[in-house]
Amino acid sequence: MKWLTVLCLCAALAWTGQTLAEEPPRASAPDGLRQGGTIAETLPAPPMAGESRESGREVLNYPEQPPVVPHNIRDYQVDLRHNQCLTCHSRENAVRAGAPMVSVTHFMDRHKQVLAAVSPDRYFCTQCHVPQTDAAPLVGNRFQTVDQVLGEMLREQQGGEP
């Protein structure tokens, strides 16, 4: 009886070892923003987007939209001790540099108290402002500006087609 138990146990261990030795099939990765491949695969990164060929300020699409940065900010130092953006966009340097001054809202704290310097809440510019690039959109976009929405509402109220 003992030898039968030992034999069954050995057979079960051999079968388990054989099953674990085989490489499991790799499940395909979820088709999100990076198409194809598997979860275990490392694919090369897509090329970095280049700087936008357009110059100047972009039109804002909604109130309080943070404007995009129309120039390259690679290697700009922005840390607790230094903010390189403020060398051109500060109150003191904006006119001389020909750059727009930081918005007055950046001089208010979260309680709307006016400060003498840029608020620590608004000090790290790239939290809201991103460089403008020529990158293709990753997903489709049906965004409408405020003017488009208001125009559509006006046409509907006047009985016209949207």
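Predicted model: local features only at pLDDT ≥ 70, side-chain atom pairs only at ≥ 80, totals over all residues.
**Two residues with positive phi**

Let's start with E64 and K112. Neither of them is a glycine, yet the phi angle of E64 is positive, near 70°, and the phi angle of K112 is positive too, at about 65°. For K112, go to the loop that links helix 3 (94-97) and helix 4 (146-157).

Is E64 buried or exposed? E64 has a relative accessible area of 74%, so it counts as exposed, the cut-off being over 50%. K112 reaches 64%, and therefore it is exposed as well.

**A closer look at Q144**

Q144 also sits in the loop between helix 3 and helix 4. Its relative accessible area is 37%, which means Q144 is partly exposed, as that value falls between 20% and 50%.

Here are the accessibility values side by side:

| Residue | Relative accessible area | Class |
|---|---|---|
| E64 | 74% | exposed |
| K112 | 64% | exposed |
| Q144 | 37% | partly exposed |

Which residues does Q144 touch, once you skip those up to four places away in sequence? They are V149 and E152. With E152 there is a polar contact too: the side chains of Q144 and E152 pair up at 3.4 Å.

Finally, compare sequence and space for Q144 and Y62. These residues are 82 residues apart along the chain, while their C-alpha atoms are separated by 9.3 Å.

Methods: Residues numbered from 1 in each chain as written. Heavy atoms only, no water. Buried < 20%, exposed > 50% of the residue type's maximum accessible area, 1.4 Å probe, protein only. Helix = DSSP H or I, 4+ residues; strand = E, 2+ residues; numbered from the N terminus. Contact = heavy atoms within 4.5 Å. Polar contact = N/O pair within 3.5 Å; in protein donor to acceptor, adjacent residues only side chain to side chain.
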